[in-house]
Amino acid sequence: MLKTKAKTSAEASNGSTGSATPGSAAGIPAPSHLDPADLKKAKELFQAAFFRHLQLSLGKDKYSATAYDRYLAVAYAVRDRLIERWIQTQHTYYRQDVKRIYYLSMEFLMGRTLGNAILNLDMDEVVEQALYDLSLDMEEIRNMELEAGLGNGGLGRLAACFLDSMATLQLPAYGYGIRYDYGMFHQTIKNGFQHENPDNWLRLTNPWEIPRPEYTVTVQFKGRVVTRKNAHGNVVFEWVDTEDVLAQPFDSPIPGYGNKTVNTLRLWSAKSADEFGLHYFNSGDYLEASKDIALAESISKVLYPNDSSMNGKELRLKQQYFLCASTLYDIIRRHKKYHKDCSRLAEKVSLQLNDTHPTIAIPEMMRILVDLEGFSWEQAWEITTRVFAYTNHTLLPEALEKWSVDLLGRLLPRHLQIIFEINYRFLKQVSWKYPGDVERLKRMSLIEEGENRAVRMAYLAIVGSHSVNGVAQLHTELLEALVVKDFYDLSPNKFNNKTNGITPRRWLKKANKGLSALISEKIGDGWVKDFSLIKKLEPFADDPAFIKRWQQIKLENKKRLAEYVGNSKDVEINPNTMFDVQIKRIHEYKRQLLSVLHIIHLYNEVKAGKGASIVPRTFIFAGKAAPGYFVAKLVIKLINAVADVVNADPDTRGILQVNFLEDYRVSLAEKIFPASDLSEQISTAGKEASGTGNMKFSINGALTIGTLDGANIEIREEVGADNFFLFGLTAEQVMAKRASGYNPLEYIDKDPRLMAVMELFRTSYFCPEEPTLFNPLVDNLIFKDEYMLMADFGEYVASQQKVSELYRNQDEWTRKAILNVARMGKFSSDRTILEYNRDIWNATPVPIELDTDGRAASGKSD
């Protein structure tokens, strides 16, 4: 029999091989509204494709196949349906000579592909029933897939949502990134501390990527710049004696929902340009024989290598240039298939920089246009600034990237020359508008002067782009008023806001099947493609029968998460408690520590005999700290230390429980969001650019407790102030307190609850074996408190009390949860992408049609 209980991917065989066998599943009828005869035919065709791939692609039969082999066979059978659409999509783009959108990002946190592809192809019913008939479980098959950890958090997940939306909206778009051999680390918790383990996501066959060695690009580093005069007497620059690395592309299909568009995510892998050192190998020097290969391939080895050393900084800059150089070469190669030169590039190409990491693409484009394509500086700058647009994702000064002049000059000598020339011409422009304002020239210079001169990459991105956008209304306002005010004053029309969004297809329809089915039953399924239609749900907030069904679905989701926690941590959690959840990257400004202080306060209340008045809560944390971020890693230890004490105390049983779920990732998030009751969005006001976790919680029916920060402000405006638990200082109040001399001790001294929390915190109560372990956290709160936890503690506790009061009335809580979901239509990434396209890209949607036999027509490909 085929039925075999699937374990984990690591327990499975490496699944054999390479590419899938040609042969199509494209003849499978679309499953929507299938009658029994069509469903039977569709199942049989899918089963035939499954067995064909098992035998011909993997060389296995039903007796020798491992669990991972079966996953691969299913994936290849689904991929068959994508391939012909994928080819036809590219043919159509070439045939119509469309304007194309290119999204450059150092991160793409895609999550598992199989379930998303099945969803977007509308094949759920066919695949699940076809596998059921073979005694295979779809959930077990899906769980075999290794997640590509090609992102650190929100930035990479936003990029993934945007790709989904661009394909769904039929926009001709491409994602470009790096195919890291090791993605974001696997996190394990040992004795409460975070430990990082390599994320070798490529150790088993990845069925969703296709190597494209024929489009390999040579990327240059180091060397020197020489000048000469050409036949016209003009000075030309040549970058010579370089160290070269090869960039090999791997393509993954990005299907749109409910259409035939399949766009492309192209990821670059670094390969050595030098041959294997056979001479060294034969002489016994095995390390020297492969040294050049190892150095070249290190570029795409790890996502965000530690840059505390000079070698680490050099590797990061190499990664950024590697992505940009290979991508621009590829874009221009594609453009010149139909155009003799780059004079119309800005009419046919729009390049969106996802944060400052790809900014080196701007001088690289200038180098290509001036040095290689023969354009004058003025012509090249006109093209460059019309092509590029820049999205800023941070208000933290330390996150506005800078590269030392010395490092840039050594690694990319021609690019440093170009940056100096851009700066010279830009400062002339500034001086014309602000004559004699030397201080303004210093502030706006792309070069930060001083002992260690550096290039301000965010400034370069602003100067070299025709559009600069923030990702939430407050974020954009703070950018314009504070962070880059001088640039806004110079070019106000360049700045605009594009509030982030998420795809409702993955984060509601896929992640929360019970709730999405209930919603579709009541208002139809049009909301999946047009999330503004979710507003139709609002009248059901007062329907008692609907409320009860909603509550049942929430309870089932909580039971499902409880089962996962029980299996992974051997911990029993009560689904009838409030699930109070904070899942995100661990960072001081996100204030996981504030939530811990509230837990300690509730613990003190229990120990004081007030447990009966507390609404039972299960606190759930998840998130990773950067490996070199000492304070964030100490916060993780604190959460686990508090959990050990609280969970072991008989007095708290049935009242309080604390859990830290290790190795936070997309598939785990898909379990947590639907089960959550309360969403903790408690960053210091003015620090979070937008946030998208807040949106994922809300569309799954969690209520939010939060500050007026990032997209919280707009969520509160949409769902209504009565359906949002607000607390804390505003961004303006934070700045005013800091300017007037903020003293956290004042808040501790006047609040007995906070003093009691800090007294317990500063003792060895939560870590008796190492009494001084948490002193850095305590001392920071008492003497500095940069993120103003002490100032916000009192309002936070008061707001949490309102949460408890409302949660006691489950029908009213559910009514507000329904209203939250019904009023979240604005926060679809489809809306965000439509705004980007309307205001920045100006590309035309391109419907894709297959031939009548379901096959792709002939034409050019990528």
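This is a predicted model: local features need pLDDT of at least 70, side-chain atom pairs count only at pLDDT 80 or more; totals for chains, interfaces and linings use all residues.
Which residue in β16 is the bridge partner of Ala 389? The bridge partner is Ser 467.

**Strand β16 and its neighbours**

Strand β16 covers residues 467-470. Strand β12 (residues 388-391) runs parallel to β16 and is joined to β16 by three bridges.

Is β16 covered on one face or on both faces? Both faces are covered. Ser 467 and Asn 469 are buried on one side, and Val 468 and Gly 470 are buried on the other.

**Helix α13 and its contact with α15**

Helix α13 spans residues 377-387 and packs with helix α15, residues 413-433. Their axes lie 13 Å apart, at an angle of about 90°. An angle from 65 to 115 degrees counts as roughly perpendicular, and α13 and α15 are therefore roughly perpendicular to each other. On the α13 side, the residues that meet α15 are Trp 377, Glu 378 and Trp 381. On the α15 side, they are Ile 418, Glu 421, Ile 422 and Arg 425. Sorted by class, the residues of this contact are four nonpolar and three charged, with no polar ones.

The buried residues of α13 are Trp 377, Ala 380, Ile 383, Thr 384, Thr 385 and Val 387. Several elements cover these buried residues, including α11 (345-348), β11 (349-354), α12 (361-372) and α17 (457-463). The strand β12 and the helix α15 are also part of that cover.

**The six-stranded sheet**

An open sheet of six strands has the order β20-β19-β18-β21-β22-β23, with parallel pairing. Why is one side of β20 and of β23 left without a neighbour in the sheet? β20 (656-661) and β23 (724-726) stand at the edges and each has a single partner strand, so one side of each has no neighbour there. From one strand to the next, the twist averages 20°.

Within this sheet, strand β19 (residues 617-622) runs parallel to β20, and six bridges join the two. Ile 620 has Asn 659 in β20 as its bridge partner. Helix α33 (residues 810-822) packs on the sheet and touches β21 (678-681), β22 (703-706) and β23. The direction of α33 makes about 85° with that of β22.

**Helices α22 and α33**

Helix α33 also packs with helix α22, residues 544-569: the axes come within 10 Å and cross at roughly 85°. The two helices are therefore roughly perpendicular to each other. From α22, the residues in this contact are Phe 546, Ile 547, Lys 548, Trp 550 and Gln 551. They meet Gln 810, Asp 811, Thr 814, Ala 817, Ile 818 and Val 821 in α33. By class, the contact has six nonpolar, three polar and two charged residues.

**A three-stranded sheet**

Another open sheet has three strands in the order β13-β15-β14, and the pairing is antiparallel. Its edge strands, β13 (402-404) and β14 (447-448), each pair on one side only. Two bridges link β14 with strand β15 (residues 454-456). Ile 447 has Val 455 in β15 as its bridge partner.

| Strands | Sense | Bridges |
|---|---|---|
| β12 and β16 | parallel | three bridges |
| β19 and β20 | parallel | six bridges |
| β14 and β15 | antiparallel | two bridges |

**Helix α25**

Helix α25 (residues 666-675) is mostly covered, with nine of its ten residues buried. Among them are Val 666, Leu 668, Ile 672 and Phe 673, and also the charged residue Glu 670. The buried residues of α25 pack against α6 (154-168), α20 (504-510), α22, β18 (578-583), β20 and α26 (693-699).

**Cysteines**

How many disulfides does the structure hold? The structure holds zero disulfides. A disulfide needs two cysteine sulfur atoms within 2.5 Å. The sulfur closest to that of Cys 324 belongs to Cys 342 and is 17 Å away, which is too far for a bond. Cys 324 is buried, with a relative accessible area of 0%. Cys 767 also counts as buried, at 2% relative accessibility.

Technical notes. Residues are numbered from 1 along each chain as its sequence is written. Side-chain values use heavy atoms; hydrogens and water are left out. Buried means under 20% relative accessible area, exposed over 50%, partly exposed in between (1.4 Å probe, protein chains only). Axes are lines fitted to C-alpha atoms, for helices over the stretch in contact, and angles run from 0 to 180 degrees between N-to-C directions. Helices (H or I, at least four residues) and strands (E, at least two) are DSSP runs, numbered from the N terminus. Angles under 35 degrees count as roughly parallel, over 145 as roughly antiparallel, 65 to 115 as roughly perpendicular and the rest as oblique. Contact means heavy atoms within 4.5 Å. Two strands pair if DSSP finds at least two bridges between them.
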